[in-house]
Amino acid sequence: MAKLELLQSLSGHKGIVWNVSWHPLGKIFASCGEDKIIKLWGKEGESWSTKTVLVDGHQRTIREVSWSPCGNFIASASFDGTTAVWDKKSGQFECNATLEGHENEVKSVAWSPSGQLLATCGRDKSVWVWEVAGEDEYVCEAVLNVHNQDVKKVAWHPSSDILASASYDNTVKMYKEDQSDNDWTCVATLQSHESTVWSLTFDKSGKRLATCSDDRTVKIWQEFGPDNQEGVNLEDRESIWKCVCTLSGYHTRCIYDITWCTSTGLIATACGDDIIRVFKETDDSDPNAPTFDLIHTKLNAHSQDVNCVKWNPSGNQELVSCSDNGEVKIWKFTEQ
Amino acid sequence: MASRFSGALQLTDLDDFITPSQECIKPVKIEKKQSKTGAKIKIGDDGYFDLSSGKEQKLQKVEITLADCLACSGCITSAESVLVTRQSQEELLRVFSERKYTDTKGVTREVSLVVISLSPQPTLSLAARYKIEPEDATRKLVGYFKSLGADLVLDMTVAEDMSVLEAQQEFLQRYRDQQNDPSEKHLPMLASSCPGWVCYAEKTHGNFILPYISSTKSPQQIMGSMVKQHLSSKRELSPGGVYHVTFMPCYDKKLEASREDFYSDILSCHDVDCVITAIELEQMLANSSKCLSEIEGCDLDWPWGDAEKTGIRSHVGSGSGGYADQIFLYAAEQFFGETKAPVIYKNLRNPDFREVTLEMDGKEVLRFAIANGFRNIQNLVQKLKRGKSPYHYVEVMACPSGCLNGGAQIRPINGESGRDLVAQLQAMYTQLPLSHPSQNKLVKQLYNDWLDGKESDKAKAVLHTSYHALEKNDIALNIKW
């Protein structure tokens, strides 16, 4: 039997904890929320504790934190309309750059795998791409206005500069840069969810994407690139993403977050029914029509909505989650 | 808010436009009647009906006008999704057939003269669409408008020239003021002819950025003043009876025309009553199953006396009116005696942000830039905010590639790429006969006869405008997590 064992419950935030982000090595993570602070948590012996608290970066709720791939920067997206970039050149994390431009609430921020690009999105329906242009210098590379509603989440492809965004307009969009004129354009629209798409996560290869929605389903999408073996016809040489699996009937409320483990391939979800669920691809799964089993259901993982779940990038099967009730929890997953 | 506009508004692969970005927050006054129970409302095909009184009573539709949008800070809009009731092709056709219109103050007026002013960018857009020469397209447009009932169809070269000349003078003044009083916000001077940019600046950066924006009116509004003040007095007509339509490359020009600043209390009318764009003209032709190339051509009108006639012209520099180049050349000559300054642009991070410098004795003395598209507006504003702008002048346009790629230019057809189409329009633009504003005889004549001379108080009042910051109301009612 698979189990999700609670290692530690961490309190310290006041009010809703919206998001958590692992340092790329998985020994530290950051959390943020309604109390406008970012907490960095580290492990001493067997127990986790607050190492640093970053304050005074934002005027309103911090909706998401994202650790850069090199581990030297943290970006935070806030309802005050700004995105802050924190670095530790001075030895401690300090905010040395603020990205302004969104008209109002910024909902999500993500670093590209190279660490050279940042993406943000928000209530103003736009997705922005920023490039690191020098020390503390970030320039706007693109403002993408293709969603027609609030954009909830941005995520980068794990190995190339392809960006995906999820929106209240029920779709996911993908973007990439046209090298001929440095212009970013929307290259794919993923349409199948029947309500807000809250979050999305690529698998290790970047060939698959998992999305979760207010329609209580998880969908798995697969890329069919140029010269694909399956004979999927591409009109203009751009990859097509097709929904190859829908996990429905498992979640009883809105699914707020989803995380795909790069080492085990397990998918975990954060749901408004206070439950964390873990899914595993079946052994006899058809690559073009994959099947997944629900292998664990952690009832009452939190006493209120689970807002975010993240697998530890080190692959040690640790999972961190956070909730409306102010708690952050560290879990260990085992499959026997 | 759906309008009949929206069908034509599908932007293709150029998504760098300023788009509406927030729910409309306009408060709406509702006339409430006492009733015993809650209201019962039926949704019909043709509206909402109140059933509480026992019989169906049609509920009034909430209408939001351009003036509401301009006075509100709730959203940034390029007018594309706003109900532009006074600015539509239907309205234009109605005015043509009824020869009367209702202005923004609700006054209905008889129309004694319908004047159409053509700008070059949408004319080129139609020429490309119907595969005819620009000059031919101009003649056929004149013929088409005349067939609908227009009395005069004019080119706007004179207004474009005056806008450039005024901007050149303004730059000289600002440059000198900067030398004398560097603590004030004189430079960089930022172009003012793009209403999308001006509207965005007013709504989101307010008093921080507005002092930098050139006070010179755009060609559309200078043309408006010419038609309503000068032409109507020449013809001894009431300005309110002259219905003035401009033909423009973007919807944002409708917003500009509707500004209170461009409503004259003395004449009690707007300078421009209706703005019609390339996309709408294409629709009008399609709706009446006409093809521009088959329409009988006609010469542009020239109600300006014996000054040398112009026509659709290009200007040195960009297809957005060439402000950066012409002000750069003028400043190089006036300040540094350089009559043949090379204007060689260097692309910055993308081709829509480029700069040009003038060096004297190895020292940089002028640095100008062209910033097109929303991303580059962002980067420019951020540079200014951090005190890191090295520029004396920036030609700012909200659309990528500037006005030739305006938001209401005809979209590519038959799989043609947006970029190729813009390149084609650019090539067509450079082949148009070139206008030299300082040599335009009509401009000289107008300064003398109409404006009491160059730099007179009247010229300042007629050819310049002002901007207003809009305070942001943060309302938490519609927060979504």
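Predicted model: local features only at pLDDT ≥ 70, side-chain atom pairs only at ≥ 80, totals over all residues.
**Conventions.** I number residues from 1 along each chain as its sequence is written, and chains are lettered from A in the order in which they are written. Local features need pLDDT of at least 70, side-chain atom pairs count only at pLDDT 80 or more, totals for chains use all residues, and side-chain values use heavy atoms, with hydrogens and water left out.

**Chain B.** I looked up the burial of chain B: of its 481 residues, 56% count as buried (under 20% relative accessible area, exposed being over 50% and partly exposed in between, with a 1.4 Å probe and protein chains only).

**Ser125(B).** I found Ser125(B) in helix H3, residues 120–129 (a DSSP run of H or I, at least four residues, numbered from the N terminus). Ser125(B) counts as buried because its relative accessibility is 4%. Beyond neighbours within four places in sequence, Ser125(B) is in contact with Ala278(B), Gln409(B), Ile410(B) and Leu425(B) (heavy atoms within 4.5 Å).

**Aromatic pairs.** I noted 27 aromatic pairs over all chains (ring centres of Phe, Tyr and Trp, the last by its six-membered ring, within 6.5 Å; planes under 30 degrees apart are stacked, over 60 edge-to-face, the rest tilted). Tyr250(A) and Phe279(A) are edge-to-face, 5.2 Å centre to centre with 75° between the planes. Tyr250(A) is partly exposed at 30%, whereas Phe279(A) is buried at 0%.

**Charge over a ring.** I saw Arg354(B) over the face of Tyr345(B), 5.2 Å from the ring centre (NZ of Lys or CZ of Arg within 6 Å of the ring centre and within 35 degrees of the ring normal).

Definitions and conventions: Helix = DSSP H or I, 4+ residues; strand = E, 2+ residues; numbered from the N terminus.
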